[in-house]
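Let's walk through how this fold is put together on the inside. Have the viewer open as you read.

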Amino acid sequence: MSRTVRVAMTQTANRYEAMPSNAPELDLLAGQLDAIRKANVEHHIELIEAAAAGGAQVVGLGELFTAPYFALERRRVWLPMAEDSERGPTVTELREVAARLGVVLVAPIYEVDAQTGARFNTAVVIDHDGRWCGRYRKTHIPCGTNEQGEFHETFYYGASDGAPQPDGAVVLGTNPYFPVFPTAVGNIGVAICFDRHFEGVMSSLKRAGAELVFSPAITFGEKSMRLWRHEFPVDAMRHRVVICGSNRLGG
């Protein structure tokens with residue numbers, strides 16, 4: 001049975017206006033992390049509200065949307081930015097927004113596991129009634145350079161550990177690394193940024209029942225952008241899924 005699902009994706013940059021412009025001042029950001037998170041979350045709530053007003057039923061936010069993309073260099077000052085994926089401030093606020101507006105949200109955050117202290121690049125899926133559906137932890141973590149700059153993601157977080165979903169989460173599929181989340185708009189899978197380069201990711205999500213796959217990304221460099229234009233159409237046709245890709249702006 002065919003149906004129509006209206007999807008919105010955000011594409012924006014860091015909204016913290018007092019961001020330092022030079023390297024020494026960046027190391028003094030520790031006391032501003034909450035303000036940085038607040039500025040970006042408030043901005044994205046405005047975007048979610050605009051999308052909902054336009055008829056969107058599900059909204060996908062950008063990779064690591066609560067802060068600037070800090071993995072261009074190694075700075076320990078960013079490590080405390082990580083938060084709990086179930087009860088942290090960002091997810092708590094977005095659950096209220098989802099319930100108020102009746103929209104499904106895919107929210108990529110910087111996560112710290114409350115039990116182990118391990119950090120991950122994580123996307124949380126929230127249903128239209130504010131229910132916490134579960135989390136996806138990025139599986140493939142890049143570290144290297146291209147003609148436009150460096151990326152040091154392994155300094156900040158590790159690859160998915162395949163840990164079981166917390167109690168209360170309902171997911172489809174048997175592969176703990178690639179869960180699929182039943183929601184009001186359909187079965188949602190997530191493949192964060194570098195994950196999209198590996199064909200097994202999309203095939204695993206499809207086998208688990210995914211109908212929509214969200215791929216939030218921070219992509220730069222000529223090769224990466226060339227692949228961006230080709231990979232999604234190929235995987236969408238190959239696996240018969242809708243792939244929603246958003247490339248976050250720099251900063």
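## Ground rules

This is a predicted model, where local features need pLDDT of at least 70, side-chain atom pairs count only at pLDDT 80 or more, and totals for chains, interfaces and linings use all residues. Residues are numbered from 1 along each chain as its sequence is written, and side-chain values use heavy atoms, with hydrogens and water left out.

## The core

The largest nonpolar core holds 31 residues, with Ile188, Leu205 and Val213 making the most contacts inside it. A core here is a set of buried Ala, Val, Leu, Ile, Met, Phe, Trp, Tyr and Cys residues joined through side-chain atoms within 4.5 Å, buried being under 20% relative accessible area with a 1.4 Å probe, protein chains only. Strand 10 (212-217) is among the elements giving two or more residues, and gives the most, with four. (Strands are DSSP E runs of at least two residues, helices H or I runs of at least four, numbered from the N terminus.)

Apart from this core lies another, of 23 residues, including Leu33 and Val77.

Four strands make an open, mixed sheet in the order 8-9-10-11; pairing takes at least two DSSP bridges between two strands. Strand 8 (181-183) and strand 11 sit at the edges, each pairing on one side only.

Strands 9 and 10 run parallel, joined by three bridges; Ile188 has Leu212 as its bridge partner in strand 10.

Methods:
Buried means under 20% relative accessible area, exposed over 50%, partly exposed in between (1.4 Å probe, protein chains only).
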